[in-house]
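Please open the structure in a viewer and keep the selection tool at hand.

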Amino acid sequence: MSDRDEAFAEYFAARSGAMRGTAYLLCGDWHRAEDLVQTTFVKLYRVWNRISRHEVLDSYVRQILIRTFLDERRRGWWRRERVGGEDAEQVAPPDSPESRLVLLQALARVAPRQRAVLVLRYWEDLSIEDVAALLECSPGTVKSQAARGLDTLRGLLTPTYSGIEMGER
């Protein structure tokens, strides 16, 4: 294995798990998250020799992941079936282990760009400016998308979790 491949394999082993978690928060499906991460790392491997600033590599990979997610959402060919019924609408109390699943289901119902902003701001803990740079938009757009996304989440969760604090940073 060449030095290039070894360096890439080390980076993949170290960061693929974190990227998979971010991808899952974006799409809400572990299988699709795996596909997003795989596509992201394939795109990264193609340009691995041209990357000179490895200290900002995580930010670059995160940007590839977000763009891949948003690009796939724009395509009409991928449609996700939603399994549901009356039982699917029942939610758990806030202190139960199922509350995370309820939150993830609500997050999946937020618009893709708003979801990307929420994941980057509150899961990845990026600044407004960093999110704006990743999504190639203004800081004001990040703020408004975050506010709208949080409002949507509150609307989806309020009947169940009226006590959850989900404020701006």
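Begin by colouring the protein chain by pLDDT. The model is predicted, and the chain averages a pLDDT of 81, with 80% of the residues scoring at least 70. Among the helices, confidence is lowest in α4 (residues 99-108), at a mean of 84, and highest in α2 (residues 30-46), at 93. Next, select residues 77-92, where the pLDDT is below 50. Beyond near neighbours in sequence, this stretch has 13 contacts in the model. Then select residues 162-169, over which pLDDT likewise stays under 50; here the model has 15 contacts beyond four places in sequence.

**First stop: α3 and α5**

Select helix α3 (residues 57-74) together with helix α5 (residues 112-123). Two packed helices are described by the angle between their axes and the distance between the axes. For this pair the angle is about 160 degrees, and the axes are 10 Å apart. Angles over 145 degrees count as roughly antiparallel, and α3 and α5 are therefore roughly antiparallel to each other. Their crossing is right-handed. To view the contact itself, display the side chains of R62, I66, F69, L70 and R73 in α3, which meet P112, R113, R115, A116 and L120 in α5. By class, the residues of this contact divide into 6 nonpolar, no polar and 4 charged.

**Second stop: Q63**

Remain on helix α3 and select Q63. Is Q63 buried or exposed? Its relative accessible area is 17%, so Q63 is buried. Leaving aside neighbours within four places in sequence, Q63 is in contact with A133, L134 and E136.

Move on to the loop between α5 and α6 (128-135), and select L126 within it. With a relative accessibility of 12%, L126 counts as buried, since the cut-off is 20%. Which residues does L126 contact, apart from its neighbours within four places in sequence? They are R62, L120, R121, V131 and L134. Of these, R62 in α3 and L120 in α5 also belong to the contact seen at the first stop. A distance may now be displayed from L126 to S59: the two residues are 67 apart in sequence, and their C-alpha atoms are 9.7 Å apart in space.

In this loop, select D125 also. Most residues other than glycine have a negative phi. The phi of D125, however, is positive, near 60 degrees.

Proceed to the loop between α6 and α7 and select E136. The phi of E136 is also a positive value in a residue other than glycine, near 55 degrees. E136 is exposed, with a relative accessible area of 60%.

Select helix α4 and helix α7 (residues 139-157), whose axes come within 9 Å and cross at roughly 130 degrees. How are α4 and α7 oriented to each other? They are oblique. In this pair, α4 passes α7 in a right-handed crossing. Finally, display V102, L103, A106 and L107 in α4, which meet L153, L156 and L157 in α7. This contact has 7 nonpolar, no polar and no charged residues.

Terms used. Residues are numbered from 1 along each chain as its sequence is written. Side-chain values use heavy atoms; hydrogens and water are left out. Axes are lines fitted to C-alpha atoms, for helices over the stretch in contact, and angles run from 0 to 180 degrees between N-to-C directions. Helices (H or I, at least four residues) and strands (E, at least two) are DSSP runs, numbered from the N terminus. Angles under 35 degrees count as roughly parallel, over 145 as roughly antiparallel, 65 to 115 as roughly perpendicular and the rest as oblique. A crossing is left-handed if the near helix is turned anticlockwise from the far one by less than a right angle, and right-handed if clockwise. Contact means heavy atoms within 4.5 Å. Ala, Val, Leu, Ile, Met, Phe, Trp, Tyr, Cys and Pro count as nonpolar, Asp, Glu, Lys and Arg as charged, and the others, Gly among them, as polar. Buried means under 20% relative accessible area, exposed over 50%, partly exposed in between (1.4 Å probe, protein chains only). pLDDT is the predictor's confidence in each residue, from 0 to 100.
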